[in-house]
Amino acid sequence: MSGAVICRILEILRWTGVIVGFQLAFFHAGNPLEEMRVLAPWVVGSLAGLTGIESLFFGEAASKSTGYAPGAYQRQSGMSNLALGATALLVYFLEWGIYAELAVMTVLLIFLFLSACNHGWSAWKEGNRRVKNYLRPLMTLLLILFVWPFLWRALAFVGTR
């Protein structure tokens, strides 16, 4: 199987994991802490973890899809993503609590926002017209809009205890 095909599969798995996370979080409706406990490992694990695997093991194919040159920064970014995904799973399985769950989710959202700015800049100012560079800002905005109510409810719930 080619690297490009594996990258497409990983992209599908990333967003499937996010959707599964939201579906499972909705099953815990009524308890914002449980919603976030379920949502965080699925969203962070899927997006950061699978992106880290893609960057480290299929970096050349991943670079072609974004129009970026492969290199040491890509490996380093992949390791950072993998570390964030692994941390989300540690937080979940070791039951470190709501503040750790909120922290890993917040780190992911900030990183994705900054990454979306980079992709948008690359498309607009550098002429890198790959579809991924246009979709990243849109998909990041949608993700933030969907995650925000869960974050807000969890924070409000903790504040009332």
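**Rings, a core and a helix**

Phenylalanine 93 is exposed, with 61% relative accessible area. That value, like everything below, comes from a predicted model.

**Around Tyr92 and Phe93**
- Tyrosine 92 and phenylalanine 93 make an edge-to-face aromatic pair, with 5.1 Å between ring centres and 85 degrees between the planes.
- The pair counts as edge-to-face because its 85 degrees is over the 60 degree cut-off.
- Tyr92 is partly exposed, at 27% relative accessibility, while Phe93 is exposed.

**Other aromatic rings**
- Searching the whole structure turns up six aromatic pairs.
- Phe22, Phe26, Phe146 and Phe150 are joined into a cluster by ring pairs.
- Phe150 also has a charged neighbour, as arginine 153 lies over the face of its ring at 4.8 Å from the centre.

**The nonpolar core**
- The largest nonpolar core is made of 28 residues.
- The residues with the most contacts inside this core are Phe22, Met36, Val43, Val44, Met105, Leu108 and Leu143.
- At least two core residues come from each of α1 (3–27), α2 (32–57), α4 (72–93), α5 (98–124) and α6 (131–159).
- Take Met105 as an example: leaving out residues up to four places away in sequence, it touches Met36, Leu39, Ala40, Val43, Val44, Val147 and Leu151.

**Helix α1**
- α1 has 25 residues and runs 36 Å from its first C-alpha to its last, close to the 36 Å expected at 1.5 Å a residue.
- Its buried residues are Ile6, Cys7, Leu10, Arg14, Gly17, Val18, Gly21, Phe22 and Ala25.
- The buried residues of α1 pack against α2, α3 (59–66) and α6.

- Glutamate 95 sits in the loop between α4 and α5.
- Its phi is positive, at about 55 degrees, even though it isn't a glycine.
- Most residues other than glycine have a negative phi.
- Is Glu95 buried or exposed? Glu95 is exposed, with a relative accessible area of 59%.

Methods: Residues are numbered from 1 along each chain as its sequence is written. This is a predicted model: local features need pLDDT of at least 70, side-chain atom pairs count only at pLDDT 80 or more; totals for chains, interfaces and linings use all residues. Side-chain values use heavy atoms; hydrogens and water are left out. Rings of Phe, Tyr and Trp (its six-membered ring) pair if their centres lie within 6.5 Å; planes under 30 degrees apart count as stacked, over 60 as edge-to-face and the rest as tilted. Buried means under 20% relative accessible area, exposed over 50%, partly exposed in between (1.4 Å probe, protein chains only). A charge sits over a ring if NZ of Lys or CZ of Arg is within 6 Å of the ring centre and within 35 degrees of the ring normal. A nonpolar core is a set of buried Ala, Val, Leu, Ile, Met, Phe, Trp, Tyr and Cys residues joined through side-chain atoms within 4.5 Å. Helices (H or I, at least four residues) and strands (E, at least two) are DSSP runs, numbered from the N terminus. Contact means heavy atoms within 4.5 Å. The expected span of a helix is 1.5 Å times one less than its number of residues.
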